[in-house]
There are 4 protein chains.
Amino acid sequence: MPTTTPPNVAPAQWLNLHEYEAAAKAVLPSPIFDFVAGGSGDEVTLREAPAAFDRWRLVPRVMQGLHEVSTASTVLGLDVSMPVLIAPFAAHRLCHDEGECATARAARSARTIFTLATPSTVSMEDVGRQAGTWWFQLYIFRDRGLTRELVRRASDAGASAIVVTLDMPIFGRREADERNRFTLPPGLEFVHMPKETKAPSTMPGSRVATAVNSIFESALTWKDLEWLASLSPLPVVAKGILHADDAVRAIEHGARAISVSNHGGRQLDSAVAALDVLPEVVEAVGQKVDVLVDGGVRRGADVLKALALGARAVMIGRPVAWGLALDGERGVLQALELLRGELERDLVLCGRGSPGAVDRSLVRSVTPPATVRPASFPR
Amino acid sequence: MPTTTPPNVAPAQWLNLHEYEAAAKAVLPSPIFDFVAGGSGDEVTLREAPAAFDRWRLVPRVMQGLHEVSTASTVLGLDVSMPVLIAPFAAHRLCHDEGECATARAARSARTIFTLATPSTVSMEDVGRQAGTWWFQLYIFRDRGLTRELVRRASDAGASAIVVTLDMPIFGRREADERNRFTLPPGLEFVHMPKETKAPSTMPGSRVATAVNSIFESALTWKDLEWLASLSPLPVVAKGILHADDAVRAIEHGARAISVSNHGGRQLDSAVAALDVLPEVVEAVGQKVDVLVDGGVRRGADVLKALALGARAVMIGRPVAWGLALDGERGVLQALELLRGELERDLVLCGRGSPGAVDRSLVRSVTPPATVRPASFPR
Amino acid sequence: MPTTTPPNVAPAQWLNLHEYEAAAKAVLPSPIFDFVAGGSGDEVTLREAPAAFDRWRLVPRVMQGLHEVSTASTVLGLDVSMPVLIAPFAAHRLCHDEGECATARAARSARTIFTLATPSTVSMEDVGRQAGTWWFQLYIFRDRGLTRELVRRASDAGASAIVVTLDMPIFGRREADERNRFTLPPGLEFVHMPKETKAPSTMPGSRVATAVNSIFESALTWKDLEWLASLSPLPVVAKGILHADDAVRAIEHGARAISVSNHGGRQLDSAVAALDVLPEVVEAVGQKVDVLVDGGVRRGADVLKALALGARAVMIGRPVAWGLALDGERGVLQALELLRGELERDLVLCGRGSPGAVDRSLVRSVTPPATVRPASFPR
Amino acid sequence: MPTTTPPNVAPAQWLNLHEYEAAAKAVLPSPIFDFVAGGSGDEVTLREAPAAFDRWRLVPRVMQGLHEVSTASTVLGLDVSMPVLIAPFAAHRLCHDEGECATARAARSARTIFTLATPSTVSMEDVGRQAGTWWFQLYIFRDRGLTRELVRRASDAGASAIVVTLDMPIFGRREADERNRFTLPPGLEFVHMPKETKAPSTMPGSRVATAVNSIFESALTWKDLEWLASLSPLPVVAKGILHADDAVRAIEHGARAISVSNHGGRQLDSAVAALDVLPEVVEAVGQKVDVLVDGGVRRGADVLKALALGARAVMIGRPVAWGLALDGERGVLQALELLRGELERDLVLCGRGSPGAVDRSLVRSVTPPATVRPASFPR
């Protein structure tokens, strides 16, 4: 019955994205695995991302007579094979020598959107030549000329949108990276960054990331967003929003879509889960604006929950990195197709023929069970 | 005081159904144990089934002067020694050479209802000759002629009802089976299935269960239920309902009873617990329709909770498989009688003389205790 | 400041009742420990008893200018040094050769009430000669003459009240006892029981406790309570109540006090925690009737919580058994005094001068913390 | 962007306060570690302190255009570099030979307030000579002359406030100390205490702390607070309040600030978490009075949560002890600066430029996730 044409790729040996993570952990040097997998502080927010999905259950419907099922959707008017986009994350060459190019080609094959991060290890022009639909994630630099230049280059290279990250006025502190004294390996550099931060001796998140902190603008205002939106005709996605009022203001100041995100638990530890605030953001900005959410999506059912709570699509980052680490372009494509397959199956099992058929009635919050703990005496 | 006449069987060495499971795990080849015990995806829904019962506590009454206590009840007007029926599940010969015949004979001795599954490993005619009251579980095939033929055969063989499963428009993905490359062992086949799926090289739930997926109808509508109900005078039980509106529609389209079920956590992972939606289904369809529930029943107290929340009876599957694996017909009978004994004792302890005396006042939800977790520092 | 005169006993080496349990476990044969410590079924109700206390926190007040603090109280008009009584439990000689006599003497020294159980291993006359204030716990026998005789004997021997247990129309099934094939050791017998059950080959709780089940009346009614109350001028305490309506009816039929109890988790597993229903029982019967509660009291703070929720006093059983097992009469006295000392200290810390000064404002339920669990993938 | 001038100290090797604790545990004799780290009874209240913070999440705002960020604040009108003060705790010389002097100097360098405890191991005159802004924590002695003398000495030595502890009418029982037979090591004494308790053979908290119990006044009234407030012009902070009414009365009787505290879980075990009652205390006393809170603060995010719930500042004790144990004055300063750095970073990440910009909208309680527990069978 499923009628979406899947990409031409055989499934990998890993049965789900959890297994991708475990396998990637086995092949990556541990400082690199930690850099990608980790979060800031006590990683409360990192761990809560999947927990936020666990608070919801699906209520499937039967006998819907679905003759066709498709995971296809659109985001910002762009066709995607599924409401799952690739989140921006730094330095794909940490995972695979072809880096962002491999990821971009995989996204093209999977017919979804690739988001290239400012701190990428491959130039956007190289990516643009190999990518399908792609977006450029932008940090606004103190040097506004450099910022403007990046937007121009992204536009020229074929990006379809600018994803501006708003939740990094300062770097979050990822203690594992400090413990590991993590740095970019020799030969890798942040190609879009000014010379002094191309290969910082300590990565973002390390204790004295002074150089990087001084490069990005920390005192952004909504005027800056307005300015950014004026630089090019590319639509702007405001990323890193966790409050409905901020979403409204972002739209008022030129954003065309909202990305509800806590930066993968890598910035403010103890920040609320993105999924938890998604419904109020959606309610605030209305149905006309696409709202994305990320953090903790590992299963097709997670995608359904996000859609039911009002997201237009989700973004995934770390699972993409695991696929990349395991098998480059093919690994990413397999991981994406795995998740798309789960989403397709779960749509069918829920009696929904498409992402557009998913509404709030699909989910309900689950009553926490009564976990009887042993007596409080510390044995 | 208990006045139900128990079947003539000595108790087994296993003191409760948990021990049956542990013992069966020790004797069954692990791929078979996994196939029976497992669920789909992350098994969230599988694990939540018992948790849903744990959210309720019983409030017993005293001094009720019960001179007679009986676990006997009726379901669809049929007499049963207890409101516990045998749920349909595939391939009993995986557990014991006599397969469904042994289970059916045990159910007859226990005076409860046996449900034969379409994917059985013994023919319904053989079962019909040895069973007491039994029902036939049906998947609606794309080939409606074959479907009609199965209903006719079931009716001729003496089935008292048709249990039509509505929650399998596509197979759930049980990853353990894929990991185990589980297949039907040589000599076993699905005797009611068309030739090409009699012994599929990969079982339902395995990754490329294309053959089986293509055999069953995935685009069912309520009209199909109406058609099915018209095929024979046998009452139809609509199985796999998790939403009150679907229950109402099922009744409108000819079902005579509702089975609230998530297919033992084997189809849509993250689906809501059946017990959690039971009360609203019961409220929607009223008292005139029998509502069954399954998933996670392991104790007499669980049966009482389901009754208190409006179920006419519960169905159990896996515990029956464990009894079958351990000692064939006798093992099943002992397991059933064990549970009946628990139910009888708990009825007495609750001050209720019969299943009919159980109402909503018997249960209350328990406040989740305050589980203080250790400090968040990752040790 | 504390002004209650403590009994003349040095503290033991065990610092709290948890340590008493651990130490007793080390010295008792494991079938005896299991018999005393265990509960029925999955022991959900057993484990929930302490959890029910953990759902509450104390809100102390300061600057109350307490010049005198006393744990003394009265129950049924009888003076006690603290609102902690000894719950009835069977066969004290399992723990110590002097059995119930030792426990009774300890209670006398501690100036609290000892409750002798029908299935005791010492005669009530022997106990009566050594006890201070004591009550007799009664099961109503099918043989009402025997029942009447026990009441008469208790009255003659000096009991101050009859505690009639209402929650045992049939024995709960304690599976550990069956696993251990637990029986009374040679030389011990239930001295108040008819000959055939004096030393049953299987204890109450074992699978075929048919003999005992046939001795006690299982079809009790409120009329029986009325009859019992008429047998002697002794006040009757109705024990085993978990529903407010049953409490009201008990009072209407002659009970003078209510004991809210689930029989230490040994009868109906999955029964609601006694503490959870205490407030509604208290509200139903009003302030004029003393309401007792038992189950899970291990700390002075637990006693305060029970008082704050309306109990006149608590009963403790297992901790008494541990004291008895460890050091006979002295062990019981030390355990009682330990708990009294905790209660006294906690009264002071709460700014309350006496049990009578404790009211509902002392407690508040605690919000369950947000326990973030790891991702649901079964590793 | 952060514009608070940090103290001149290099960061230590420990990345967070959890690591400080672990490192201190490795270097301190275990009875000393236990004395500092432990709580009373079952340590329910001790463990709940961090759990109470875990019930809240932060909701950051973006694009606030913060050009300056400062952690500086005032408490009782006194300038502090951050709303984090040093809580009073006993016997700093247990951790480091320079004891309270080292801590006081570190607080001076960190420009925050040091609170000297009555049971200190260095005289307040010595501390006063080396401290910046400091407060004196006072227990009211039965001997009011001695009490008056301590206030006079504190005033003369330069203390800026008297913190009077109200929650110790009797010592809490810390069982670990009894188990360890903990005593002050030779050479250490409580220099402000009367001779007989200068070096008690058993510390406060030990079983027979009779001597100490007899020294402090246990029957305090609000009149005593009024008397205390009249002794000197120093403002009085009422510490150990857990009820809004007590806070109101404290202010009525002369207190100038409230410290909501359960004494670090060392007094009444099972007492409510200080953070849980903070909002109602703040509401009761209004915005005009500074309210402090302590217990479980280990992260900058914890400070933010306390501020959002109405605290003017928090106090920390144990982390200071760990810094002191690890590296004396420098260790304390590093620990303080670590926490200040976290607070500064988290202020920026929350879009708040100063403690004064934090309000209730920064936090929201988190829905407890649905922790599915395994089946209840005790394996």
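In this predicted model, helix α6(C) is followed by C:Gly158, whose phi is positive, near 105 degrees.

**Helix α6 of chain C**

- Helix α6(C) covers residues 144-157, and its 14 residues reach 20 Å from the first C-alpha to the last, close to the 20 Å expected at 1.5 Å a residue.
- At the start of α6(C), C:Asp143 places a side-chain oxygen within 3.0 Å of the backbone nitrogen of C:Gly145.
- The buried residues of this helix are C:Thr147, C:Leu150, C:Val151, C:Ala154 and C:Ala157. They lie on the same side of α6(C) because the arc they cover around the axis is only 135 degrees.
- In an α-helix there are 3.6 residues a turn, so residues three or four places apart point the same way.
- The partners of the buried residues of α6(C) are α5 (124-130), β6 (134-138), β7 (162-165) and α9 (222-230), which belong to chain C.

**Helix α4 of chain C**

- Helix α4(C), residues 99-110, has end C-alpha atoms 17 Å apart, which agrees with the 16 Å that 12 residues should span at 1.5 Å a residue.
- This helix is mostly covered, with 10 of its 12 residues buried. Among them are C:Glu100, C:Cys101, C:Thr103 and C:Arg105.
- The buried residues of α4(C) pack against β4 (84-86), β5 (114-116), α5 and α13 of chain C.
- Just after the helix, C:Arg111 has a positive phi of about 55 degrees.

**Packing of α1(C) on α13(C)**

- Helix α1(C), residues 17-27, packs on helix α13(C), residues 318-350, at an angle of about 175 degrees, and their axes are 11 Å apart. That angle makes the two helices roughly antiparallel, since the cut-off for this class is over 145 degrees.
- On the α1(C) side, the residues in contact are C:Leu17, C:Tyr20, C:Glu21, C:Ala23, C:Ala24 and C:Val27. The residues they meet in α13(C) include C:Pro319, C:Trp322, C:Leu326, C:Gln334, C:Leu338 and C:Leu339.

- Most residues other than glycine have a negative phi.
- B:His263 has a positive phi, near 65 degrees. This residue is in the loop between β9 (257-260) and α11 (274-285) of chain B, and B:His263 is buried, with a relative accessible area of 14%.
- D:Ala91 also has a positive phi, about 55 degrees, although it is not a glycine. D:Ala91 lies in the loop between β4 (84-86) and α4 (99-110) of chain D and counts as buried, at 1% relative accessibility.

- D:Asn16 is in the segment before α1 (17-27) of chain D and, at 1% relative accessibility, counts as buried. Its side chain reaches the backbone nitrogen of D:Glu19 at 2.9 Å.
- D:Asp42 sits in the loop between α2 (30-37) and α3 (44-54) of chain D. The relative accessible area of D:Asp42 is 4%, so this residue is buried.
- The side chain of D:Asp42 makes a polar contact of 3.1 Å with the side chain of C:His18. A polar contact of 2.8 Å joins the side chain of D:Asp42 to that of C:Arg299.
- D:Asp42 and D:Glu149 are 107 residues apart along the chain, and their C-alpha atoms are separated by 37 Å.

Definitions and conventions:
Residues are numbered from 1 along each chain as its sequence is written. Chains are lettered from A and ligands numbered from 1 in the order in which they are written. This is a predicted model: local features need pLDDT of at least 70, side-chain atom pairs count only at pLDDT 80 or more; totals for chains, interfaces and linings use all residues. Side-chain values use heavy atoms; hydrogens and water are left out. Helices (H or I, at least four residues) and strands (E, at least two) are DSSP runs, numbered from the N terminus. The expected span of a helix is 1.5 Å times one less than its number of residues. Buried means under 20% relative accessible area, exposed over 50%, partly exposed in between (1.4 Å probe, protein chains only). The arc is that of the directions from the helix axis to the C-beta atoms. Contact means heavy atoms within 4.5 Å. A polar contact is a pair of N or O atoms within 3.5 Å; within protein, one must be able to donate a hydrogen and the other to accept it, and residues adjacent in sequence count only if both atoms are side-chain atoms. Axes are lines fitted to C-alpha atoms, for helices over the stretch in contact, and angles run from 0 to 180 degrees between N-to-C directions. Angles under 35 degrees count as roughly parallel, over 145 as roughly antiparallel, 65 to 115 as roughly perpendicular and the rest as oblique.
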